[in-house]
Amino acid sequence: MKFGKSVCIINVGGTKYAFPKDVIKNFPLRRVSRLHSCASEREVLEVCDDYDRESNEFFFDRHSEAFGFIMLYVKYGKLRFVPHMCELSFYNEMIYWGLESSHLEFCCQRRLDDRMSDTYTHFPEEDHKTDDEFRVTDEASTSADTKQDSKWLERMRMTFEEPTSSLAAQILASVSVIFVIVSMVMLCASTLPDWKTAESNTEEEQRYTDSLEHPSGIIEAVCIGWFTAECIVRFIVSRDKCEFVRHPLNIIDLLAITPYYISVTMMVLTGENSQLQRAGVTLRVLRMMRIFWVIKLARHFLGLQTLGLTLRRCYREMVMLLVFICVAMAIFGALAQLLEHGLDLQSGNDGYASIPAACWWVIISMTTVGYGDMYPITVPGRVLGGLCVVSGIVLLALPITFIYHSFVQCYHELKFRSARCTRSLSVEFLN
């Protein structure tokens, strides 16, 4: 502070807080710490509502109780909502003082997300700016062209990455979904015997029907061209190229596109002759890898995004579930093999001749599927089967609760983000 006393008084709604000048400099609240860099009273009044030079007191016409809870966060590092106060009003106070929703405790973040998702509330982000951004300088005018280019790239990125960010993004997403559906229909139809017979007249052509001479090959080439162009554009406009390559959905896109070019290259190199017979298995495997196209729908559907985010966050619970199943399979499989086959090798149940074979019966019993291909015939084996079914229900239900709560949380988070993008779309349409 270049003026005033060594002690500053912060007056928020009538409640006063005294701080040394050195504390103000590195204060956790951005608006308060900006007071230290103010060189004149005019700059001070841009930060607070009023200023008393004699007592070095800064007045803020804000909610005093909310600021008290924010000061508890400064002191103890935990930020919670004020009881009997609207979550949105408290969040508005947080933004004013320079805090974000990430500073809230986890339970309060969920409350805020639910409330904002229900009301489609949008808060201005002008208070999140740094100190230098509050000052108008000559450098802002000189970098206007650069900012315009960055804004254009950002709009392009949002158009391709966020289907609900704009009207153009929705149209682009709809076209992409149509291409995915068409490619899936063509892939499934190409495996039908009647389809192969209608397209192929020779034995070699029956092994591979991706030739561009066929209508199905032309449609598939068009779909691949669209996916390739979309992937290239998204890579060009991405912020971080390395992060783009590491993103799971982008890896899936690459796995879905690459097999087509590999298969076409192999066909060109081998030709439609006897050499193609040796590559037939490889080509069929590559062709079936295009089923990854259907995962591209995760970019455009909230449900698939929620499923993927839930699996990523609940990998510990999934591992725990797998461990439960493996332990139960080992125990019940060994007991089932002993009771059904091990005690009487001459007339024992041949379906339980080995522990691995018995483990198959355990897994279909624990999941209550029961194909009926294997079943115990002895009384001890049937009692063990009942225990296996009941144990499977209990063991599978234990981690499911955690996965369910994580799924609900992920759904609300993605729904809130989609609601904000939808609101931006409505504003853009009205403008």
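These notebook entries record what I looked up in a predicted model.

**Entry 1. Aromatic pairs**

I began with the aromatic rings and found twelve aromatic pairs in the structure. I then examined Tyr17 and Phe67, whose ring centres are 5.1 Å apart. Their planes stand at 65 degrees, so I recorded the pair as edge-to-face. The cut-off I needed for this step is that planes over 60 degrees apart count as edge-to-face.

I next asked which elements hold these two residues. Tyr17 belongs to strand E2 (residues 15-20) and Phe67 to helix H4 (residues 64-76), so the pair ties together parts that are 50 residues apart in sequence. I looked up the exposure of both partners. Tyr17 has 19% relative accessibility and counts as buried. Phe67 is also buried, at a relative accessible area of 1%. Buried means under 20%, so Tyr17 with its 19% falls within the class.

I also noted that ring pairs join Tyr17, Phe19, Phe27, Phe60, Phe67, Tyr96 and Trp97 into a cluster.

**Entry 2. Arg62 and helix H5**

I turned to Arg62, as its charged end sits over the ring of Tyr96, 3.9 Å from the ring centre. Arg62 also forms a salt bridge with Glu93, and the closest N and O atoms are 3.2 Å apart. Arg62 is in the loop between E4 and H4, while Glu93 is in helix H5, so this pair ties together parts that are 31 residues apart in sequence. I recorded Arg62 as partly exposed, at 21% relative accessibility. Glu93 is buried, with a relative accessible area of 8%.

How many of the residues of helix H5 (residues 87-97) are buried? I found nine of its eleven residues buried, and I therefore described the helix as mostly covered. Among the buried residues are Glu93, Tyr96 and Trp97. After H5 comes Gly98, which has a positive phi near 100 degrees.

**Entry 3. Two further salt bridges**

My search of the whole structure gave six salt bridges. I noted the general principle that side chains of opposite charge can pair when their charged atoms come close.

One of the bridges joins the side chains of Glu57 and Lys16, at 3.7 Å from N to O. It links distant parts of the chain, since Glu57 lies in strand E4 (residues 57-60) and Lys16 in strand E2, 41 residues apart. Are these two partners buried or exposed? Glu57 is buried, with a relative accessible area of 6%, whereas Lys16 is exposed, with 54%.

Another bridge is formed by Arg42 and Glu46, whose closest N and O atoms are 3.1 Å apart. Both residues lie in helix H3 (residues 41-47), and they are four residues apart, about one turn of the helix. An α-helix has 3.6 residues a turn, so residues three or four places apart point the same way. Arg42 is exposed, with a relative accessible area of 56%, and Glu46 is partly exposed, at 47%.

**Entry 4. Around Phe235**

I found that Phe235 and Phe244 form an edge-to-face aromatic pair, with 5.5 Å from centre to centre and 65 degrees between the planes. Phe235 is partly exposed, at 34% relative accessibility, whereas Phe244 is buried, at 9%. The charged end of Lys241 sits over the ring of Phe235, 5.9 Å from the centre of that ring.

I placed Ser238 in the loop between helix H12 (215-237) and helix H13 (241-246). Ser238 counts as buried, at 11% relative accessibility.

**Entry 5. A nonpolar surface patch**

I recorded a nonpolar surface patch of about 600 Å², made by Phe301, Leu304, Leu307, Leu311, Met318, Phe407 and Tyr411. Helix H17 (302-313) and helix H20 (379-430) are the elements that give two or more residues to the patch. Which element gives the most to the nonpolar patch? I found that H17 does, with three residues. Phe407 lies in helix H20 and is partly exposed, with a relative accessible area of 34%.

Ala328 is in helix H18 (residues 315-342) and is buried, with a relative accessible area of 5%. I found Ala328 and Cys359 to be 31 residues apart in sequence and 9.1 Å apart in space, C-alpha to C-alpha.

Ala221 is in helix H12 and is partly exposed, at 25% relative accessibility. Ala221 and Tyr260 are 39 residues apart in sequence and 8.6 Å apart in space, C-alpha to C-alpha.

Key. Residues are numbered from 1 along each chain as its sequence is written. This is a predicted model: local features need pLDDT of at least 70, side-chain atom pairs count only at pLDDT 80 or more; totals for chains, interfaces and linings use all residues. Side-chain values use heavy atoms; hydrogens and water are left out. Patches are made of residues with over 30% relative accessible area and no salt bridge: like charges are joined within 9 Å, nonpolar side chains (Val, Leu, Ile, Met, Phe, Trp, Tyr) within 5 Å. Accessible areas come from the Shrake-Rupley method with a 1.4 Å probe; for residues, only the protein chains shown count as cover. A salt bridge is a side-chain nitrogen of Lys or Arg within 4 Å of a carboxyl oxygen of Asp or Glu. Buried means under 20% relative accessible area, exposed over 50%, partly exposed in between (1.4 Å probe, protein chains only). Rings of Phe, Tyr and Trp (its six-membered ring) pair if their centres lie within 6.5 Å; planes under 30 degrees apart count as stacked, over 60 as edge-to-face and the rest as tilted. A charge sits over a ring if NZ of Lys or CZ of Arg is within 6 Å of the ring centre and within 35 degrees of the ring normal.
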